[in-house]
Amino acid sequence: MSVRVKIPAPFRWFAGDQQELRLDTEDVAGLLARIRADYPELAARICEPDGAPKGFINIYLNEQDIRFLSGCDTRLADGDEVLIVPAIAGG
Amino acid sequence: MELTKDEIVRYSRQIALPEVGGAGQEKLRAARVLIVGAGGLGSPAALYLAAAGVGTIGIADPDTVQLSDLGRQIIHTTAAVGSPKVESAASTLGALNPLVNVEAYAVNLDDSNAEAIVARYDLVIDGTDNYEARYVLNDCCVRLGKPLCHGAVLGFEGQATTILPGRSPCYRCIYPRPPGQGAIPSCRDAGVLGSVPGLIGAVQATEAMKVILGIGEPLSGRLLVFDALAMEMRVVQVHSDPGCPACGPLSRDGKVEACPSV
C-alpha cells in the first residue's frame with residue numbers, strides 16, 4: 001500500500017531534495033515513524049519528541065486536516081495523498 | 001451618492017459584471033480596507049483595490065523602501081528608495097486612482113495600537129512578514145469581528161485564507177503555535193520569487209472585494225496552498241478548533257496571551 005507524501009520546499013533538503021516521498025504505511029503514525037527512520041532531520045522539523053506533529057505543521061490527508069480526522073491514528077489507503085504544510089510568514 | 005460619469009467609465013469593466021453593477025461599485029467606494037504591510041503582498045493588494053475603486057485604503061508599515069524590496073514590492077519605485085513605505089505607497093496609489101482616500105500609518109502594528117487602527121476599517125488584509133504580527137492581527141480581528149484576508153509566502157510557495165470571525169476558523173485554529181526561532185526560514189534567508197507574493201496578494205484583494213460585495217464563496221474554512229515550482233494550487237479544508245484561545249467558545253472575547261516571541 002503506497003501513499004504519496006508532498007514535502008514543502010523549506011524541508012526538501014532534509015528529504016534528500018525530494019518533492020514527494022512514496023511510503024508504504026497503514027496510518028499517519030506509521031507514516032511519521034517511517035519518516036523518522038528514513039529522514040530523521042525531516043522528522044525533527046515536523047514532529048515533537050513524542051512523535052506528534054508540531055503546532056505550526058498541518059498534515060492533510062486528501063485535503064482534510066488529520067487533526068479533525070483521527071489524528072495520528074488516521075488510516076491511510078492505497079493512492080492517498082498526504083500534504084505536509086508548515087506555517088509560513090513571508091510577506 | 002450616485003457614481004459620477006468618470007467613475008462609471010473608470011470602473012466600466014467591473015460594473016459590467018452582473019455581480020458588481022452600479023450598486024456593487026458604490027459598496028466598494030464606501031468600503032474601508034486596512035492593508036498591514038506595504039511589501040510583497042500589500043503592494044499588489046493595494047494596487048488592485050485602489051484600481052477597483054475601494055474608497056478608503058489604510059496602509060500600515062513602519063519601514064522605508066530598500067533597493068532589495070523592489071524585486072517584489074511593486075508599489076514602490078527606484079526613486080522611492082529611502083522613503084517611508086507608506087508615503088511611497090500613498091503616492092503610487094494617488095497616481096493610479098486619485099479618487100481613493102489613502103490613510104497612512106508609519107507604525108508597526110502591535111498589541112498597543114492594533115485595536116485602535118483596525119477598528120476604523122471594515123476589512124483587513126494581512127501582508128505582514130513575521131509570525132508575531134500575524135497572531136496579533138488575527139487576535140485583534142477576531143476580537144473586533146473584522147474579516148481578515150490572510151496571505152503568506154516563502155520561496156516558490158504561498159498560502160491564503162479568509163477569516164470571517166464567528167463564521168470560520170481563525171489563524172490560530174489553523175496554526176495553534178508559531179514555529180520556534182529558525183524552524184522555518186524567512187524570505188530574507190531563503191528567498192522568494194517576486195511573482196509569488198504578486199499572485200497571493202491578488203488573491204487577497206479578490207477575496208476582499210468578494211466579501212465587500214457579498215458575492216461568491218469566500219476562501220473561508222479553506223486554505224489555498226500554492227506551489228509555483230510544481231504549478232499546483234490546492235485548496236485544503238480547515239476547521240474551527242473548539243479549544244482555540246482566540247475564537248473558541250472558551251475564549252474571553254478573543255483575549256489571549258501574547259504569542260511567544262519567535
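Visitor: In what order do the elements of chain A run from the N terminus on?

Guide: They run β-β-α-α-β-β-β, which comes to two helices and five strands. Here helices (H or I, at least four residues) and strands (E, at least two) are DSSP runs, numbered from the N terminus. Before we go on: this is a predicted model, where local features need pLDDT of at least 70 and side-chain atom pairs count only at pLDDT 80 or more, while totals for chains, interfaces and linings use all residues. Residues are numbered from 1 along each chain as its sequence is written, with chains lettered from A and ligands numbered from 1 in the order in which they are written.

Visitor: How does the radius of gyration of chain A stand against the globule rule?

Guide: The radius is taken over C-alpha atoms, and the rule is 2.2 Å times the number of residues to the power 0.38. For the 91 residues of chain A the rule gives 12 Å and the chain has 12 Å, so chain A is as compact as a globular protein of that length. Its C-alpha trace spans about 35 × 25 × 25 Å along the principal axes.

Visitor: And what does the rule say about chain B?

Guide: It agrees there too: a compact globule of 262 residues would have a radius near 18 Å, and chain B has 18 Å. Chain B holds 10 helices and eight strands, and its C-alpha atoms fill a box of roughly 50 × 40 × 40 Å along the principal axes.

Visitor: What share of the residues in chain A is buried?

Guide: Start with the cut-offs: a residue is buried if 20 or more other C-beta atoms lie within 10 Å of its own, exposed if 12 or fewer, and partly exposed in between, with C-beta atoms placed from the backbone. Buried residues make up 37% of chain A and 47% of chain B.

Visitor: Which residues of helix α1 of chain A are buried?

Guide: A helix is handy to read, because residues three or four places apart point the same way, with 3.6 residues a turn. In α1(A), residues 28-38, the buried ones are A:V28, A:L31, A:L32 and A:I35. They cover an arc of only 95° around the axis, which puts them on the same side of α1(A); the arc is that of the directions from the helix axis to the C-beta atoms. Their cover includes β1 (2-6), β2 (20-24), α2 (40-46), β3 (57-61) and β5 (81-86) of chain A.

Visitor: Where is A:F56 found, and is A:F56 buried or exposed?

Guide: A:F56 sits in the loop between α2 and β3 of chain A. With 22 other C-beta atoms within 10 Å, A:F56 is buried. Leaving out residues up to four places away in sequence, A:F56 touches A:P86, A:A87, B:Y175, B:R177, B:P178 and B:P179, where a contact means C-beta atoms, placed from the backbone, within 7 Å.

Visitor: How many residues does each chain bring to the contact between A and B?

Guide: Chain B brings 38 residues and chain A 21 residues. On the side of chain B that touches chain A, α7 (131-144), β5 (148-154), β6 (157-163), α9 (187-190) and β8 (232-237) each supply at least two residues. That side divides into 22 nonpolar, 11 polar and five charged residues; Ala, Val, Leu, Ile, Met, Phe, Trp, Tyr, Cys and Pro count as nonpolar, Asp, Glu, Lys and Arg as charged, and the others, Gly among them, as polar.

Visitor: In which sense do strands β1 and β2 of chain B pair?

Guide: Strands pair if DSSP finds at least two bridges between them. β1(B), residues 32-36, and β2(B) pair in the parallel sense over five bridges, with B:T56 as the bridge partner of B:R32. The chain crosses from β1(B) through α4 (residues 42-51) to β2(B) in a right-handed β-α-β crossover: with the strands pointing away from the viewer, the path from the first strand over the helix to the second runs clockwise. In β2(B), residues 56-60, four of the five residues are buried.

Visitor: What is the phi of A:E63?

Guide: Most residues other than glycine have a negative phi. A:E63 has a positive phi of about 75°; A:E63 lies in the loop between β3 and β4 (64-65) of chain A. B:M231 also has a positive phi, near 50°, and lies in the loop between β7 (222-227) and β8 of chain B. A:E63 is partly exposed, with 14 C-beta neighbours inside 10 Å, whereas B:M231 is exposed, with 8 other C-beta atoms within 10 Å.

Methods
Two residues are in contact if their C-beta atoms, placed from the backbone, lie within 7 Å.
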